[in-house]
Amino acid sequence: MLVSEILAIKGKVLYTISPNKSLAEAVTIMTEQDVGSLVVFSKGQMAGMLTFREVLQAVQKGGAAWAEMLIEQAMLAVPMVAAPNMEMDELRRLMVDHHQRYLPVMDGTTLLGVVSFHDVAKAVLEEQSFENRMLKNYIRNWPGEGADS
């Protein structure tokens, strides 16, 4: 399965934020939209990623003033990215090796979407379920003994 197929299953809704917004604004968007990451955009280009991990690190670092911190102070400035033609196994390895639960999917400089570890797990389950159904169907329709091949 390719990353582009995972995006097709998931949908391509993107949640973005500007690097000069506050962490409080980011937390509001993330909780209202029930998402774990925001793509940071500046001047039409991806400038980074903000996930709940960076928010928690900013809370720990910023203390009581965390809410006023700017996104650019907390974001992951150079996130690993996935290509749409990347195989799912390569995607999983990239996520695990770089400890990144959310990956932007880029086609050159164009952001196509974001895949999460949850999206990957869901795609694996759907793929296994499909294979399971095919195997069961094959077994049910097993040619009888003495049938010509």
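This is a predicted model: local features need pLDDT of at least 70, side-chain atom pairs count only at pLDDT 80 or more; totals for chains, interfaces and linings use all residues.
Let's start at a turn: in the hairpin of β4 and β5, with two residues between the strands, Gly108 takes a positive phi near 70°.

Strand β4 is mostly covered, with five of its six residues buried.

**The three-stranded sheet**

Elsewhere there is an open sheet of three strands, in the order β1-β2-β3 and with mixed pairing. The edges are held by β1 (16-17) and β3; each has a single partner strand, so one side of each lacks a neighbour in the sheet.

How do β1 and β2 pair, in the parallel or the antiparallel sense? Strand β2 (residues 37-42) and β1 pair in the parallel sense, over two bridges. Strands β2 and β3, by contrast, run antiparallel and are joined by six bridges.

**Turns and loops with positive phi**

The hairpin of β2 and β3 also has two residues between its strands, and there Lys43 takes a positive phi near 55°. Most residues other than glycine have a negative phi. Lys43 is a residue other than glycine with a positive value, and His99 is likewise not a glycine, yet has a positive phi of about 50°. Lys43 sits in the loop between β2 and β3, while His99 sits in the loop between α5 and β4.

Are these two residues buried or exposed? Lys43 has 84% relative accessibility and therefore counts as exposed. His99 counts as exposed too, because its relative accessibility is 56%.

The table gathers the accessibility values of several residues discussed in this report.

| Residue | Relative accessibility | Class |
|---|---|---|
| Lys43 | 84% | exposed |
| Thr51 | 10% | buried |
| Phe52 | 35% | partly exposed |
| His99 | 56% | exposed |
| Tyr102 | 16% | buried |
| Ile139 | 57% | exposed |

Thr51 belongs to strand β3 (residues 45-51). With 10% relative accessibility, Thr51 counts as buried. The side chain of Thr51 makes a polar contact of 2.4 Å with the side chain of Glu54. Leaving aside neighbours within four places in sequence, Thr51 is in contact with Met30, Gly36, Ser37 and Tyr102.

Tyr102 comes up again in the aromatic pairing. The count of aromatic pairs comes to one. The ring centres of Phe52 and Tyr102 are 6.2 Å apart and the planes stand at 85°, so the pair is edge-to-face. This pair links distant parts of the chain, since Phe52 is in helix α3 (residues 52-62) and Tyr102 in strand β4, 50 residues apart. Phe52 is partly exposed, at 35% relative accessibility, whereas Tyr102 is buried, at 16%.

**The nonpolar cores**

Which residues touch the most other members of the largest nonpolar core? In this core of 15 residues, they are Val3, Ile6, Ala82, Leu91, Leu103, Val115 and Val120. The elements giving two or more residues to this core are α1 (3-10), α5 (88-97), β4 (102-107) and α6 (117-140). Helix α5 gives the most, with four residues.

Not counting residues up to four places away in sequence, Ile6 touches Met1, Met88, Leu91, Val115, Asp119, Val120 and Ala123. Apart from this core lies another, of 13 residues, including Leu38, Ile71, Ala74 and Met75.

**The far end and the record**

Ile139 lies in helix α6 and counts as exposed at 57% relative accessibility. The C-alpha atoms of Ile139 and Met80 are separated by 43 Å, with the two residues 59 apart along the chain.

Finally, UniProt, in an unreviewed entry, places the feature "domain: CBS" at residues 8-65 and 75-130. Over residues 8-65, the chain is 43% helix and 26% strand, and the end C-alpha atoms are 40 Å apart.

Terms used:
Residues are numbered from 1 along each chain as its sequence is written. Side-chain values use heavy atoms; hydrogens and water are left out. Buried means under 20% relative accessible area, exposed over 50%, partly exposed in between (1.4 Å probe, protein chains only). A polar contact is a pair of N or O atoms within 3.5 Å; within protein, one must be able to donate a hydrogen and the other to accept it, and residues adjacent in sequence count only if both atoms are side-chain atoms. Contact means heavy atoms within 4.5 Å. A nonpolar core is a set of buried Ala, Val, Leu, Ile, Met, Phe, Trp, Tyr and Cys residues joined through side-chain atoms within 4.5 Å. Two strands pair if DSSP finds at least two bridges between them. UniProt positions are given in the numbering used here, feature names are shortened, and annotations may be inferred rather than shown by experiment. Rings of Phe, Tyr and Trp (its six-membered ring) pair if their centres lie within 6.5 Å; planes under 30 degrees apart count as stacked, over 60 as edge-to-face and the rest as tilted.
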